[in-house]
Amino acid sequence: MCADRPRRPGEAVRRVLSVRGLSVRYGRSVRALEEVDLEVGADSVLAVLGGNGAGKSTLLRAVSATLRLHGGGVTAGEIRFRDERLDRLDPAAVVRRGVVAVPEGRQVFARMTVEENLRAGGLGARSASVRSAARERVAELFPVLAERASQRAGLLSGGEQQMLAIGRALMSGPELLLLDEPSLGLAPQMVGRIARIIGEIHAQGTAVVLVEQNATMALEVADHAAVLEVGRIALTGTAEELAASDDVQRLYLGGHAESTERAEAEQAEALAHRPRRSLTRWAG
Amino acid sequence: MNTFLQLVLNGLGKGAVYALLALGFVVIFKATEVVNFAHGSLVLIGGYMVYATKDALGWPAAAALGIVSAALAALLIERLLIAHARNADVNSLALLTIGVDVIITEEIVRRLRADIPFIGDPYDAQPLQAAGLTVFRTQLVALIVGIVLITAFFLAFRFSSWGVAMRAQAENREAAALMGIRSSRVTATAWLLAGALAGVAVLFMATQDFSGAGLGRGTHAIALIAFPAAILGGLDSTVGAVVGGLIVGLTEALSAQYVSFEFSKSAVFLVMLLILVIRPSGLFGTRELSRV
């Protein structure tokens, strides 16, 4: 099926990440995810769309094993990276397997310099050679970070902080990069820049899971997409399919809804009358 | 003038010892957010090992053993008690360390019986006289050792991978975890280091020069002076710990001479209160900010 692109044997249709029947709760009662199934191909960018509270960040926390830091836990299902279970590991072990997340709100180490932030990112690298290769890659992707190397990260602009957050995550040479709302709070021009950078990271062979509220940007960058609605996968398909779908057009690509209440009502209605032609619902 | 110079030198020597204690205290606080009230008992463990083994092993080996013991005791407290209570409130953990402190202190005092031994054999009670100054050798050695260790600490804290990991974790636990930094390892090394520094400090504290009091409850009381040192410097600042230690040492030495010996201990706390009134987070502490 992919005869035109040379790949290493055995990697042909490999899924790097597969999530099966994943349910997550915070505390005793708050259900954040319900039986979520997702797959990410070795060579793809998966966009995860959804409104506030849909469980997008929770999904990334579950993969990166940081749920516990937020008082949450996996109650059912499993997460596999290649063939290995991730849901029983600690965050550092997940990073060592090659799965690295950029958290929502960037969370750079504000009191440390740009250079020290990158160094911190490299602490999870499997070997020194991986680290030095990653350093070159980061320098190429983000020349601005080299210019600001000795500046405190807290003094960077929002866009630069986002670049630093992504660059820092790349420092351990991940095979799968998880990005949580990288466009949040950035000027449109900077959003375009970040999108191009994500495309480039993908082109260099890193699979990406991109969680976004900015569906326009996400569907441009991604090849596959999934829509999360109150903790469940509502739609999945290729990025083109989703971009063409009426629901996604109306809910995520159209004008902004005046109130969340109305948006929610619209979402519910749209989901109830979902056209089924080109979209495959993910069977649980 | 000579008296003043003498006092400053002795005060700085004492200050270096307080700085070592306060630094360990701050390092633990930064890594775990726990205020370690058991610091005084770590001091006693180190001192007791020196006292118990110096006749058999000779002083240098006994001193090394004391430092290692204090470090391992700190690690043990962290592994057995703190690491297992990861979800516990940091205030409960602080109370837990008070319990540990009482148990260890009472046991060591019981073992010492009526003894209050001095353990600074190579330098204690041999004042140096030069250029009209009389300087306690203990304080001088403490000052040199303090400068060397504190410099080494800051170089490591600033430039080594350990330092980067430590600072990253202190600033943002979640982001550090996402970088693949093993939080339990960072925490364990912080306690190990703090224990070792306490083990070094006691070699100067339980001497005639430093306090006139041998190893015992008195040493424990002196170790408590590290609290105001750390607090007035700013509980989360390593630089603050060192500056705070030196301020406390100087305050103690100068007020003992110019006011009275009895007043010197309360002078330390008065200075702390004064500084906290002006700067509530201490000299170098970061102000409590609401997270954005």
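What percentage of the contacts in chain B between residues at least 6 apart in sequence join residues at least 24 apart? In this predicted model, the share is 75%. For chain A, residues 24 or more positions apart account for 69% of the contacts with a separation of 6 or more.

The two chains can be described in turn. Chain A contains eleven helices and ten strands. Of its 284 residues, 46% count as buried. Chain B contains twelve helices and two strands. Read from the N terminus, its elements follow the order α-α-α-α-β-β-α-α-α-α-α-α-α-α. The radius of gyration of chain B is 19 Å, close to the 19 Å given by the globule rule for 292 residues, so chain B is as compact as a globular protein of that length. Its C-alpha trace spans about 60 × 45 × 35 Å along the principal axes. Buried residues make up 52% of the 292 residues in this chain.

Chain A holds an open sheet of six strands. Their order is β6-β7-β8-β3-β9-β10, and the pairing is mixed. The strands β6 and β10 (232–238) of chain A stand at the edges. Each has a single partner strand, so one side of each is left without a neighbour in the sheet. Neighbouring strands are turned by 15 degrees against each other on average, direction ignored. Helix α1 (residues 56–64) of chain A packs on this sheet. The helix touches β3, β6, β7, β8 and β9 of chain A. Its direction makes about 145 degrees with that of β7(A).

Within the sheet, strand β3 (residues 45–49) of chain A lies between β8 and β9 in the strand order. Five of the five residues of β3(A) are buried, so the strand is largely enclosed by the rest of the structure. V45(A), A47(A) and L49(A) point one way from β3(A). L46(A) and V48(A) point the other way. Five bridges join β3(A) to strand β8 (residues 207–212) of chain A in the parallel sense. In that pairing, L49(A) stands opposite E212(A). Four bridges join β3(A) to strand β9 (residues 224–229) of chain A, again parallel. Here V48(A) stands opposite A226(A).

Four bridges join β6(A) to strand β7 (residues 176–180) of chain A, and the two strands run parallel. V99(A) stands opposite L176(A) in β7(A). The bridge partner of V100(A) in β7(A) is L177(A).

L156(A) is placed in the loop between α5 (143–147) and α6 (158–170) of chain A. L156(A) is buried, because 21 other C-beta atoms lie within 10 Å and the cut-off is 20 or more. Leaving aside neighbours within four places in sequence, L156(A) is in contact with R148(A), Q151(A), Q161(A) and L164(A).

In chain B, two helices form a crossing pair. The axes of helix α11 (residues 238–258) and helix α12 (residues 261–278) of chain B come within 8 Å. They cross at roughly 145 degrees. The crossing of α11(B) past α12(B) is right-handed. From α11(B), the contact is made by I247(B), V248(B), T251(B), E252(B), S255(B) and A256(B). From α12(B), the contributing residues are F261(B), F263(B), S264(B), A267(B), V268(B) and V271(B). By class, this contact has eight nonpolar, three polar and one charged residues.

Key:
Residues are numbered from 1 along each chain as its sequence is written. Chains are lettered from A and ligands numbered from 1 in the order in which they are written. This is a predicted model: local features need pLDDT of at least 70, side-chain atom pairs count only at pLDDT 80 or more; totals for chains, interfaces and linings use all residues. Two strands pair if DSSP finds at least two bridges between them. A residue is buried if 20 or more other C-beta atoms lie within 10 Å of its own, exposed if 12 or fewer, and partly exposed in between; C-beta atoms are placed from the backbone. Two residues are in contact if their C-beta atoms, placed from the backbone, lie within 7 Å. Axes are lines fitted to C-alpha atoms, for helices over the stretch in contact, and angles run from 0 to 180 degrees between N-to-C directions. A crossing is left-handed if the near helix is turned anticlockwise from the far one by less than a right angle, and right-handed if clockwise. Ala, Val, Leu, Ile, Met, Phe, Trp, Tyr, Cys and Pro count as nonpolar, Asp, Glu, Lys and Arg as charged, and the others, Gly among them, as polar. The radius of gyration is taken over C-alpha atoms; the globule rule is 2.2 Å times the number of residues to the power 0.38.
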